[in-house]
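Hi,

Here is the structure I promised to pass on.

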Amino acid sequence: MTSIDISVRGLSKHFGPVQAVRELSFDVPAGQVTGFLGPNGAGKTTTLRMMLGLIRPTAGQALICGRPYAELPDPRRTVGAVLEATGFHPGRRGRDHLRIAAHSAGLPTARVEEVLDEVGLSEAAGRTVGGYSLGMRQRLGLAAALLGDPQVLVLDEPANGLDPAGMAWLRELLRGRAASGRTVIVSSHVLSEVAQTADHVVILAGGRLTFDGPVDRLREHAGSLEDAFLRLTTDRHDPTAATR
């Protein structure tokens, strides 16, 4: 039986009159990479933020390893997240950013050099973050997420700014995490990359769930992930129903 590390039940979020997320229920299995897909405004980022306790749901709940994020006893060892490649002090060296993050989370500083090597930033770690490219900042954010060697990895558009070699590296990293029994959920607009990386797919449109299942099931019915995505997210769904 497949282990479930993320469970979403009846999750909804309203911003005033706008219904950003509408009664979502799905599971994210361990040992797999789950692609979290949807057009702009589908509610993906809002959903991820509710999972991580950054936004309070209007209704429903999201559990990580059986608990709301706020109730996890050691969150940085349970969940690593990258929601955007910002929030770095431009005058701080990459290595120092990670040392501060490790110290604030009560994690051993020895992990800093390990994750720098894992994300390919060892040689650039002594440079200030202000001189980093977008792809390098993505790697630094991922390094911070990996400091606690978490069971669950939550990533929002992690391929932004990565060149083809970086995309291949990220694919290998995520597949390796899943192969070791970890849980990986990745929000992305790069469908060709998701098709090569994901085992399982959750698709939203207009804040609602339109598909939850193995990526191979989509290919059986539509021929490609792109064709299935377009069929599930256009025409019959209201694109103005959500704003995030």
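Where does the charged end of Lys13 sit? The charged end is placed over the ring of Phe15, 5.4 Å from the ring centre. The rule here is that NZ of Lys or CZ of Arg must be within 6 Å of the ring centre and within 35 degrees of the ring normal. Arg139 does the like with Trp169: its charged end sits over that ring, 4.2 Å from the centre.

Before you go further, some ground rules. This is a predicted model, where local features need pLDDT of at least 70 and side-chain atom pairs count only at pLDDT 80 or more, while totals for chains, interfaces and linings use all residues. Residues are numbered from 1 along each chain as its sequence is written, and side-chain values use heavy atoms, with hydrogens and water left out.

Now the cores (buried Ala, Val, Leu, Ile, Met, Phe, Trp, Tyr and Cys residues joined through side-chain atoms within 4.5 Å; buried is under 20% relative accessible area, exposed over 50%, partly exposed in between, with a 1.4 Å probe and protein chains only). The largest nonpolar core holds 49 residues, and Leu98 and Leu142 have the most contacts inside it. Helix H5 (residues 134-146) gives the largest share of this core, seven residues. Helices (H or I, at least four residues) and strands (E, at least two) are DSSP runs, numbered from the N terminus. Neighbours within four places in sequence aside, Leu142 is in contact (heavy atoms within 4.5 Å) with Val82, Val119, Leu153, Leu155, Trp169, Leu170 and Leu173. Another core, of 25 residues, lies apart from it and includes Ile6, Phe26, Phe36 and Ile185.

Phe26 and Phe36 also form a tilted aromatic pair, 5.8 Å centre to centre with 35° between the planes. Rings of Phe, Tyr and Trp (its six-membered ring) pair if their centres lie within 6.5 Å; planes under 30 degrees apart count as stacked, over 60 as edge-to-face and the rest as tilted. Phe26 is in strand S2 (residues 18-29) and Phe36 in strand S3 (residues 33-37), so the pair ties together parts 10 residues apart in sequence. Phe26 counts as buried at 2% relative accessibility, and Phe36 does at 0%.

Last, helix H3 (residues 94-104): its buried residues are Gly94, Arg95, His97, Leu98, Ala101 and Ala102. What covers them includes helix H2 (75-78), helix H4 (110-118) and H5. Just after H3, Gly106 takes a positive phi of about 70°.

Cheers
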